[in-house]
Amino acid sequence: MKPLSKFWQDWGKRLLTTSLVALLLLPLSMTLSGAGWNTNSLSSGRKSQLAQGDAITDPTVILRYALPIDNQEVRQLQGSIEGISTSLRAKRWSTVTRDLKDAALILNYGKDEILADVPSDRQGEAQTLLAQVTEDVKQLQEAAENKDKPVVWEVRRRILNALTDLEELMVTGFPFTVPEDYANLPQLKGRATVEMETTQGTLTIVVDGYNAPVNAGNFVDLVQRGFYDGLEFFQREGFVVQTGNPPGEEEGFIDPKTGEYRAIPMEIRVQGDDEPIYGITLEDAGLYLAQPALPFNAYGALALARPSGDANGGSSQVFFFLFDRELTPPGYNLMDGRYSVFGYVVEGQDVLSKLTNQDQVIHARVIQGADNLEV
């Protein structure tokens, strides 16, 4: 695939000189690679681009909400701790105190309901995590009373990490069956963490198989094969950093078992749905207002590149989306539902921002969750 950059240059200029309302009226066509993978005309999908409230832009928060669990108490506890960030930035300590009071009440009166969704063989670990969170909330309340912002930020981060571990303990089995058409492809039945060493530094990526098992499984399988090692970031234009184009004439991965191009389908789970939609964009499915469980709202969202007009034609080429709240606001990024996100950069966003088409992947490896891969 030969990169085509003119669109990104032109679109960036339009974003800087045109209001968002006017931008939505433009018949845009988004070409992201030389294979011509694009979104075609976006006019019929404008409804899906309306911002839905205060969209989440933190990748770790998105990943927490994307876990296949349904425990209202732990979600309320999580929301109380997450909500502190906005109040902290505005130095609204009274609101911070109120959120922490809500968290303490949930821990005092909702502990049994939280533990009810944890399997019996994991109860001991869950109870330890809840005890840790309870103590940390007390420390957080004390730090808030003293208006000690650095301590509040640090303890908040620790609590949210513990809540992530707790929520992951609630997940039992895999929530759905991949359609038979794609059952021959690698599948990630859970999550994995990938470290990608680049010429600018290291990216840490959480790959989510709960919501995109085929896209995530393909990527993790290729990482384990060493496929990405030494490959260039052959496109860096506008809001995209792309890699995965192998040397030679091929534009994707050729499976040595079959000698054929491994084609990977579009795979998007809509919030509230039990399983993903395969092989079609949300716009083509008529789901103009649908919100993906894994949106492009976060800086460093990782998605599958694909040929124009072929929702099942992706393979090894992937791209990182350089989300910017000012230039690509949540709900206006023109990407959700048109490409399948399957992971996020959770550490190394500063490294990602430095990558150019002169850089390359030195080495990528799976550091956690490799046992969730089925090939």
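Reader: By class, which residues make up the lining of the second largest pocket?

Author: Count the lining residues class by class. In this predicted model, the lining has five nonpolar, two polar and six charged residues. The pocket's volume is about 280 Å³. There are 13 lining residues, and the closest to the centre are Asn184, Leu185, Pro186, Asp255 and Arg262.

Reader: Which helix and which strand each supply at least two residues of that lining?

Author: Helix 10 (213-225) and strand 7 (260-261) do.

Reader: Which residues are linked with Asp255 and Arg262 in a network of salt bridges?

Author: First, the idea. A salt bridge needs a side-chain nitrogen of Lys or Arg within 4 Å of a carboxyl oxygen of Asp or Glu. Here, Asp221 and Arg225 join Asp255 and Arg262 in such a network.

Reader: How many salt bridges does the whole structure have?

Author: Twelve. One of them pairs Arg75 with Glu167, with the closest N and O atoms 3.2 Å apart. This pair links distant parts of the chain: Arg75 is in helix 4, Glu167 in helix 9, 92 residues apart.

Reader: Is Arg75 buried or exposed?

Author: Check the relative accessible area. Buried means under 20%. Arg75 has 13%, so Arg75 counts as buried. Glu167 has 0%, so Glu167 is buried too.

Reader: What about Asp136 and Arg158: how far apart are their closest N and O atoms?

Author: They are 3.0 Å apart, in a salt bridge. Asp136 lies in helix 8 and Arg158 in helix 9, so the pair ties together parts 22 residues apart in sequence. Asp136 is buried at 7%. Arg158, at 28%, is partly exposed.

Key:
Residues are numbered from 1 along each chain as its sequence is written. This is a predicted model: local features need pLDDT of at least 70, side-chain atom pairs count only at pLDDT 80 or more; totals for chains, interfaces and linings use all residues. Side-chain values use heavy atoms; hydrogens and water are left out. On a 1 Å grid over the protein atoms alone, a cavity is a set of points where a 1.4 Å probe fits but cannot get out, and a pocket is an open set with protein on both sides within 12 Å along at least five of seven lines; lining residues have an atom within 4 Å of a point. Grid points are joined across faces, edges and corners, and a volume is the space filled by probe spheres set on the points. Helices (H or I, at least four residues) and strands (E, at least two) are DSSP runs, numbered from the N terminus. Ala, Val, Leu, Ile, Met, Phe, Trp, Tyr, Cys and Pro count as nonpolar, Asp, Glu, Lys and Arg as charged, and the others, Gly among them, as polar. Buried means under 20% relative accessible area, exposed over 50%, partly exposed in between (1.4 Å probe, protein chains only).
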